[in-house]
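Q: I have not looked at this one before. Can you walk me through it?

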Amino acid sequence: MTARSLALPASLLALLALVPAAGASHRATPAAPVTATATAPWIVLGSSVGIKGTVSPHPAGTRVTLQKAGSGSWVRVATAGVSAGGGYSFTVKPGASGTATFRVTTTGGSSASVPVPVLRWSYLGDVYAHPTVGDLNTETMDVNGASDEHPVALDAGCYNGYYGDAWVDYPLAKKYETLTATMGLGGYVETGSTGSYEVIGAGKTLASGKLVPGASKKISVSLAGLASVRLKINVPDPNDAGGCGLSYTEVVFGNAQVLGP
């Protein structure tokens, strides 16, 4: 008796190829048990930040714990229940500047770490910098009849060869977010004196303006992503004294502060 081979239709062979072999594993990749994100990319010291996310699975009674990274260990901050949809949220106020790192845990696991930069305001005049051109003054001075204890003041200096310009560069290392100051004229201001200012970052003018005696204006400039910032001023010198006379005018970045580490 001659054996005959059984030929199967191509369509049936394709279906059989989709059936797992005996003993083969057919497990789906498990989803992360806990997700967590911060509600802001950074915060100012003294402010609060939200940490929110989801838990899966989330049977009735599921609770989550917010932890903060400490010295070599995780420290419990708070616990909370989970909503019917698996969501949760925390609000926390870090007590120090730097980077506060959090995570959220359940009995099923923990989330990835969530770093939150905590920034603070500091005086720009406290940062040492040597002016490229002109003279820099960070001592207490009178501006428009008021004492300013934290100025960044520039003048063209003696025998200035840049037509009254002066400037100073401050390194930022891409760690700062904002510069604020009250602009005015200081020093030995004469009637008719004028001055101008410019804040420059990455080759672009971020703020600029003109000043006259007795007037002031507030500025707020974004420093996000900048490696450095240049403060540039100009004081016309009608007497051609180049800052060498008895009277000279300074352009003042009054109470200049930066938001950063």
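What follows is a short chat about the chain, its strands and a few single residues.

Q: What kind of model is this?
A: This is a predicted model.

Q: How many helices and strands are there in the protein chain?
A: The protein chain has 1 helix and 20 strands.

Q: And how much of the chain is buried?
A: Of the 261 residues in the protein chain, 35% are buried.

Q: What share of the contacts links residues 24 or more positions apart?
A: Counting contacts in the protein chain with a separation of 6 or more, 68% are between residues 24 or more positions apart.

Q: Let's do sheets. In what order do the strands of the open sheet with β1 stand?
A: The order is β1-β3-β6, so named for 3 strands that form an open sheet with antiparallel pairing.

Q: Which strands stand at its edges?
A: β1 (37-38) and β6 (87-92) do. Each has a single partner strand, so one side of each is left without a neighbour in the sheet.

Q: How many bridges are there between β3 and β6?
A: Strand β3, residues 49-54, pairs with β6 over 6 bridges, in the antiparallel sense. As one example, glycine 50 has threonine 91 in β6 as its bridge partner.

Q: What holds paired strands together in general?
A: Strands of a sheet pair through backbone hydrogen bonds, and the pairing is either parallel or antiparallel.

Q: How does the chain get from β7 to β8?
A: Through a hairpin of 2 residues.

Q: Which residues have a positive phi here?
A: Among them are asparagine 144 and alanine 202. Asparagine 144 has phi near 55 degrees, and alanine 202 also has phi near 55 degrees.

Q: Where do they sit?
A: Asparagine 144 is in the loop between β11 (141-143) and β12 (146-148). Alanine 202 is in the loop between β16 (195-201) and β17 (204-211).

Q: Is alanine 202 buried or exposed?
A: Alanine 202 is exposed, because its relative accessible area is 67%, and the cut-off for exposed is over 50%. Asparagine 144 is partly exposed, at 33%.

Q: Last one: threonine 178. Buried or exposed?
A: Threonine 178 is buried, with a relative accessible area of 17%; buried means under 20%. Threonine 178 belongs to strand β15 (residues 178-187).

Q: What does threonine 178 touch?
A: Leaving out residues up to four places away in sequence, threonine 178 touches Trp121, Ser220, Val221, Leu223, Gln257, Val258 and Leu259.

Conventions:
Residues are numbered from 1 along each chain as its sequence is written. This is a predicted model: local features need pLDDT of at least 70, side-chain atom pairs count only at pLDDT 80 or more; totals for chains, interfaces and linings use all residues. Side-chain values use heavy atoms; hydrogens and water are left out. Two strands pair if DSSP finds at least two bridges between them. Helices (H or I, at least four residues) and strands (E, at least two) are DSSP runs, numbered from the N terminus. Buried means under 20% relative accessible area, exposed over 50%, partly exposed in between (1.4 Å probe, protein chains only). Contact means heavy atoms within 4.5 Å.
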